[in-house]
Amino acid sequence: MNFAKNNFRRPRCNEMATTMKTAEERLRWALEICRNAQMRATPVREAILFFLATQRLPVSLETVSRSEKIHGRCNATTIYRTLMMFKEAGIVRLVGTPQKASYFLLNAPGQKNHFLICRRCGCTTELPLPESMCKSISQIAAAQGFSTAEQDCEVYGYCQTCHTVRQKETAPSKLSV
Ligand SMILES: [Zn+2]
């Protein structure tokens, strides 16, 4: 389990409530961070943030490139550089998969970002951790001298499909019995 690292630092806007549920709120938060960081707002940057604000799960560079408002407007390198710039500003979080492909997620505050990630195919699913567990983690973190710890848990395992495939792959051959 990887808990929040420094590069997952999540900038907060004073005016924003700690809970953001709608895509509009998430987009507003991201745009405000851009303004505070004096990042120039370009149509492509706004389109990328708009797309990410509507996504609940981490998305690949390819998915971002193919999205309606971005497709055909700029190349993948520009999109990747923009996403990395957002990452540096703390607006976007990178979720790594064992395939070394990077997945991107809006780093908006007040939402749980816990994921199950398949070691084999890299598919990502939300991990609904109970509130009590999150509180326990905060308490354990506080005992270690970490205040107001935010948790972004990434749990690695095998999805159902990959588990079945692995079982078939590792099953001993009947001929050898
Ligand atoms: Zn899988």
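Modeller: A crossing is left-handed if the near helix is turned anticlockwise from the far one by less than a right angle, and right-handed if clockwise. This is a predicted model, in which local features need pLDDT of at least 70, side-chain atom pairs count only at pLDDT 80 or more, and totals for chains, interfaces and linings use all residues. Residues are numbered from 1 along each chain as its sequence is written.

Colleague: What is the hand of the crossing of H2 and H4?

Modeller: H2 passes H4 in a right-handed crossing. Helices (H or I, at least four residues) and strands (E, at least two) are DSSP runs, numbered from the N terminus.

Colleague: Why is H2 called roughly perpendicular to H4?

Modeller: The axes of H2 (residues 43-53) and H4 (residues 76-88) cross at roughly 70 degrees and come within 11 Å. Angles of 65 to 115 degrees count as roughly perpendicular, under 35 as roughly parallel, over 145 as roughly antiparallel and the rest as oblique. H2 is therefore roughly perpendicular to H4. Axes here are lines fitted to C-alpha atoms, for helices over the stretch in contact, with angles from 0 to 180 degrees between N-to-C directions.

Colleague: What makes E1 and E2 edge strands?

Modeller: The open sheet has 3 strands in the order E1-E3-E2, with antiparallel pairing. E1 (59-60) and E2 (92-96) each have a single partner strand, so one side of each is left without a neighbour in the sheet.

Colleague: How do you know that E1 pairs with E3?

Modeller: Two strands pair if DSSP finds at least two bridges between them. E1 and E3 (residues 102-106) have 2 bridges, in the antiparallel sense. Ser60 stands opposite Tyr103 in E3.
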